[in-house]
Amino acid sequence: MMEGKWRVLPEMMEDALPVLKQLNSYGFEAVFVGGCVRDTIMGLAIHDVDMATAALPEQVMEIFPGSIPTGLQHGTVTVRFQDELYEVTTFRTESEYEQHRRPAGVRFIASLEGDLLRRDLTINAMALMADGKLYDPFGGQQDIQGRWIRCVGDADARFQEDALRMLRAVRFAAKFDYSFSYRTWKALRSHHHLLRHIAMERVMAELNQMIEGPRPAAAMKLLSASCLLQHAAKPLPALMAIQTNPRWDRLAELRHGLRWAALFVYCGATTDQIETTMDSLRFPGRLNTSVMAVISMHLRMKAALDVAPNDKEQQQPIRKEWTSCVLEHGAGAAADWLEILVMEASYPAIAMTFRQWLEEMPATTLKQLKLDGHALAQGVNRQPGSWMGIMMKRLLFAVGMKELPNEPEQLLEQAKLWITEDRINDNE
Ligand code: ATP
Ligand code: MG
């Protein structure tokens, strides 16, 4: 795996090669850098291609007419080549980091080594030339072989310059199942408090990649051992209990989108703690809604089970609560929560019963009820009104509990009966 020259490049890099060659033909050094080089050397699939060059942004734009000046202040130009877009960034150094996050200024330079020197980890600081030669001044290849996470240069200084690098280091360690070098870990432990300078959006982006990544359990262990999350700019109370937990290993078995909810459940967080945490991390609305549906279902069912554990005589109240949860949050959220529940050691048996009840429900939405509002009003000979919604929900609940068949005549009969009963009760 470790020859000095790469003859077979991933297709995406092969396609981008003419961009490097074009820059080279104008006398500018130009190379592949960053994740695509690292992943190629690891033998992994790449997901994008980044290039760096000694040419200044305006020179890149001249060589490739129609390029887009996407991030000129950082030296990044988006080059359009054969209907593909590539980011080409001018070699640069960063100077005087402000507030432990962004460099006060960048200076364009002619030296590739200088550019690699500003990068975070040795595995991310290698360059691949157009002829397939690897340029690796900081021992990235060796660290890939030894499976090490190591900062380029002095780890203390690198984390102090930009505190986000600490979360990136944890993310890469977890993703690749690498170990921290002694100094890099030591530096991370001494500078964890600098995380408070990092925007919560960036923290969320890193956490999300860890949780949705291939080894969320490893990420949780490292986060816990590093105490990083205690030092975020905003409170993350639902994530304070992420100490090593045997359940983390099972997070990876859950489909994406469900892992956040599972994490909160496994942390034993309260609704308030979860809401604060999601606020702090600026959870996108949709994720917020789907997580909260699962959480509120979890808390309701847990309360019901605590009152009446899985005891045959006591199943009716539990079934009622379950049916009501399914109708309120939907069959999808219910199935999601069941996936989390089967992994929870506390209630494995009852999960089977819940699943069976869910599968047996003839209808879980008003739409599936074989009686619509119109037919109901006509059938009972009443003016349409707000009573209809209440009645439909009551019918749906009875159908969900399998106390009533989902058939138009029976539904209507039941509705009439309830109306009569209600009248009698009202007159009493
Ligand atoms: P992936 O995209 O697979 O997560 P990547 O290594 O491509 O990994 P990017 O965030 O796309 O990560 O960054 C591209 C490169 O820029 C990195 O490989 C690294 O060399 C450099 N880099 C990114 N962020 C930082 C940072 N905060 N400090 C120093 N270098 C960085
Ligand atoms: Mg990348």
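Predicted model: local features only at pLDDT ≥ 70, side-chain atom pairs only at ≥ 80, totals over all residues.
Biologist: Where does ligand 1 sit?
Modeller: In the largest pocket. A pocket here is an open set of points on a 1 Å grid over the protein atoms alone, with protein on both sides within 12 Å along at least five of seven lines. To sit there, more than half of a molecule's atoms must lie within 2 Å of the grid points.

Biologist: How many residues surround it, ligand 1 I mean?
Modeller: 13, and the closest are Arg 38, His 47, Asp 162, Arg 165 and Arg 168. Near means a heavy atom within 4 Å.

Biologist: And how do those shell residues divide?
Modeller: One nonpolar, four polar and eight charged. Asp, Glu, Lys and Arg count as charged.

Biologist: Which helix gives the most to the shell?
Modeller: Helix 7, with four residues. Helix 7 spans 164-176, and helix 2 (35-42) also supplies at least two. Helices are DSSP runs (H or I, at least four residues).

Biologist: OK, polar contacts: what is the distance from His 47 to the ligand 1 oxygen?
Modeller: 2.8 Å from a polar side-chain atom of His 47. The side chain of Arg 38 has an N or O atom 2.8 Å from a ligand 1 oxygen too, and for Arg 119 the value is 3.0 Å. The cut-off is a pair of N or O atoms within 3.5 Å.

Biologist: What share of ligand 1 does the protein bury?
Modeller: 79% of the 590 Å² that ligand 1 exposes alone, by Shrake-Rupley with a 1.4 Å probe.

Note on methods:
Residues numbered from 1 in each chain as written. Chains lettered and ligands numbered in written order. Heavy atoms only, no water. Polar contact = N/O pair within 3.5 Å; in protein donor to acceptor, adjacent residues only side chain to side chain. 1 Å grid on protein atoms, 1.4 Å probe; cavity = no way out; pocket = protein on both sides within 12 Å on 5 of 7 lines; lining within 4 Å.
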